[in-house]
Amino acid sequence: MHHPAHRSRLPIVLGVTRDRTERQAAVERAADAAALGLRARLPAGAPADLERAARGDPDPRVRAAALGALARAGGRRRATAAWRIAMTDPEPAVRRRAADLAPGLGAPARPLLTLLGDVDVSVIEASAWALGELGPAAVRARAVPALAAVAGTHDDPLAREAAVAALGALGDPAGLAAILAACRDKPAVRRRAVLALAPFDGPEVDEALRTALEDRDWQVRQAAEDLVAE
């Protein structure tokens, strides 16, 4: 796991001055890094500066902002190299940002499978979403059984809900059993599971929808009604 050990010495383009407090400097470095990512063309040297910040700034806000800027404007090679390090960052916010950026980068799906076991549920949620967005690449990386395991066994309903949504987005038949099981979970997970049935058909799906039409939660019933009406 990557552990930034010291202040990265960023150039003035990222807004560092010696007389600012540590917190103020970090906030401004993060803002300046984010602003660079919005430019149509980066100044000379800025991609390297952003990569150094994404890899080694002591503040996670700066690392996350620099990673986002690299993904938008720094070139795929630099962005992917920094992304791989961010996936094992000690701070959940950076790992979550890395997961969020994965589909846009066309990043490999396999590292995201590791984050499905993260200690932070928001990282799991972002990773599940990213796997759903990566589509066939995620299926080839065996994301479906990994997501099914989260959907069926994770203690946090937010993680289960995110995994079920990703299974629905992937639409792979191997994920159907987990989605059907989730139709009997807590209300928020049931709602998501019903929506995740959209790519599927067959008698088991029809039965799950009939049951959902009589669910005690009105949002579950509404989701089922919307699917049946299509």
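Predicted model: local features only at pLDDT ≥ 70, side-chain atom pairs only at ≥ 80, totals over all residues.
Trainee: What pLDDT does the protein chain average?
Mentor: pLDDT is the predictor's confidence in each residue, from 0 to 100. The protein chain averages 90, and 90% of the residues score at least 70. Over residues 1–13 the pLDDT is below 50, and beyond near neighbours in sequence this stretch has 37 contacts in the model. A contact means heavy atoms within 4.5 Å. Residues 15–19 are also below 50, with eight contacts beyond near neighbours in sequence.

Trainee: How many helices and strands does the protein chain have?
Mentor: Helices (H or I, at least four residues) and strands (E, at least two) are DSSP runs, numbered from the N terminus. The protein chain has 14 helices and zero strands. Its C-alpha trace spans about 65 × 30 × 30 Å along the principal axes.

Trainee: Why are helix 2 and helix 4 called roughly parallel?
Mentor: Axes are lines fitted to C-alpha atoms, for helices over the stretch in contact, and angles run from 0 to 180 degrees between N-to-C directions. Angles under 35 degrees count as roughly parallel, over 145 as roughly antiparallel, 65 to 115 as roughly perpendicular and the rest as oblique. Helix 2 (residues 46–56) and helix 4 (residues 76–86) pack at about 10°, their axes 9 Å apart. They are therefore roughly parallel.

Trainee: Which residues meet there?
Mentor: Pro-47, Ala-48, Glu-51, Ala-54 and Arg-55 in helix 2 meet Arg-78, Ala-81, Ala-82 and Ile-85 in helix 4. That contact has six nonpolar, no polar and three charged residues. Ala, Val, Leu, Ile, Met, Phe, Trp, Tyr, Cys and Pro count as nonpolar, Asp, Glu, Lys and Arg as charged, and the others, Gly among them, as polar.

Trainee: What angle do helix 3 and helix 5 make?
Mentor: About 5°, with the axes of helix 3 (residues 60–73) and helix 5 (residues 92–105) 10 Å apart. So helix 3 and helix 5 are roughly parallel. Among the residues in contact are Leu-67 and Gly-68 of helix 3 and Leu-101 of helix 5. By class, this contact has eight nonpolar, one polar and three charged residues.

Trainee: Why are helix 12 and helix 14 roughly parallel?
Mentor: The axes of helix 12 (residues 187–196) and helix 14 (residues 218–229) cross at roughly 5° and come within 9 Å. Hence helix 12 and helix 14 are therefore roughly parallel. Their contact has seven nonpolar, one polar and two charged residues.

Trainee: What makes a set of points a pocket?
Mentor: On a 1 Å grid over the protein atoms alone, a pocket is an open set with protein on both sides within 12 Å along at least five of seven lines, whereas a cavity is a set where a 1.4 Å probe fits but cannot get out; lining residues have an atom within 4 Å of a point. Grid points are joined across faces, edges and corners, and a volume is the space filled by probe spheres set on the points. The largest pocket holds about 230 Å³. Of its 15 lining residues, the closest to the centre are Glu-125, Trp-129, Ala-162, Ala-165 and Ala-166. Helix 7 (121–134) and helix 10 (157–170) each supply at least two lining residues.

Terms used: Residues numbered from 1 in each chain as written. Heavy atoms only, no water.
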